[in-house]
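Subject: Structure handover

Hello,

Here is the structure for you to look at. My notes on it follow below.

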Amino acid sequence: MTEHLVINEEGSLDTTPEKYPAALRIPALIFSYLFHPLFIIGWVVLYLLYQNNHVFLGVDPETRIIYFLRVFGTSIFLPIVTVLLLKGLGFIQSIQLPTQKDRIIPYVACITFFFWTYYVSKQLGDPTELRAFLLSAFVASCASLIINNYMKVSMHALGVGGMVAFFVLLVFANKLDDVFSLLAAVLIAGVTCSSRLIVSDHKPVEIYTGIITGIVIQLAAWMIVH
């Protein structure tokens, strides 16, 4: 059995036996990066732009690219740059943000960037579905900062929980082309949460809290925008 190095809240390394073989840990790690909370924003927006036939109906290809680049710039690119700068300057231990302390500044940065993304989207009159999703990202970052005082809630679980709720809401709004998109979202959520249990030191309660919080926030954001 191999050993696993974990950075605890005191900033020291804990050596604990690995619970899962590499055959599970490697795919879980890949999935964790592929469906990082920031990337989930990008995947959902890409789906709305290029796979959904209702939300952006009649929008030309050039304008769709502008939509995506606008969201990508402030909700994905800038947060990533911020984390890399924090790591380079020594303000955080790792870009994986292993401790609650490491997450404080990135949360504040995301709150700022996500609010700006939503505000611009609202001012430009983007489709209500997109605005609802972007609002949920902003509120989720605020909630994460608050919950971070009490536990290291799983940001991955919070993101996929909101994603599943968003697709369910699209179903009730008759804005989903087929049920396979919803099933794919549920599958991604399940695999992502399982991956976090395999490759991170998250406790099950931190995963469940993230899922429930993400769902509730997306429902609230949808009702506010609509």
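Glu 129 and Lys 175 form a salt bridge, with their closest N and O atoms 2.7 Å apart; a salt bridge here is a side-chain nitrogen of Lys or Arg within 4 Å of a carboxyl oxygen of Asp or Glu. This pair joins distant parts of the chain, since Glu 129 sits in helix α5 and Lys 175 in the loop between α6 and α7, 46 residues apart. Helices are DSSP runs of H or I with at least four residues, numbered from the N terminus. Glu 129 is buried at 4% relative accessibility, while Lys 175 is partly exposed at 25%. Buried means under 20% relative accessible area, exposed over 50%, and partly exposed in between (1.4 Å probe, protein chains only).

The model is predicted: local features need pLDDT of at least 70, side-chain atom pairs count only at pLDDT 80 or more, and totals for chains, interfaces and linings use all residues. Residues are numbered from 1 along each chain as its sequence is written, and side-chain values use heavy atoms, without hydrogens and water.

By the salt-bridge rule the count is 3. Another of them pairs Asp 126 with Arg 70, at 3.0 Å between the closest N and O atoms. Asp 126 lies in the loop between α4 and α5, and Arg 70 in helix α3, 56 residues apart. Asp 126 is buried, at 2% relative accessible area, and Arg 70 is partly exposed, at 21%. Lys 152 and Asp 201 also meet in a salt bridge (2.6 Å, N to O).

Of the 14 residues of α2, 10 are buried, so this helix is largely enclosed by the rest of the structure.

Regards

Terms used: Helices (H or I, at least four residues) and strands (E, at least two) are DSSP runs, numbered from the N terminus.
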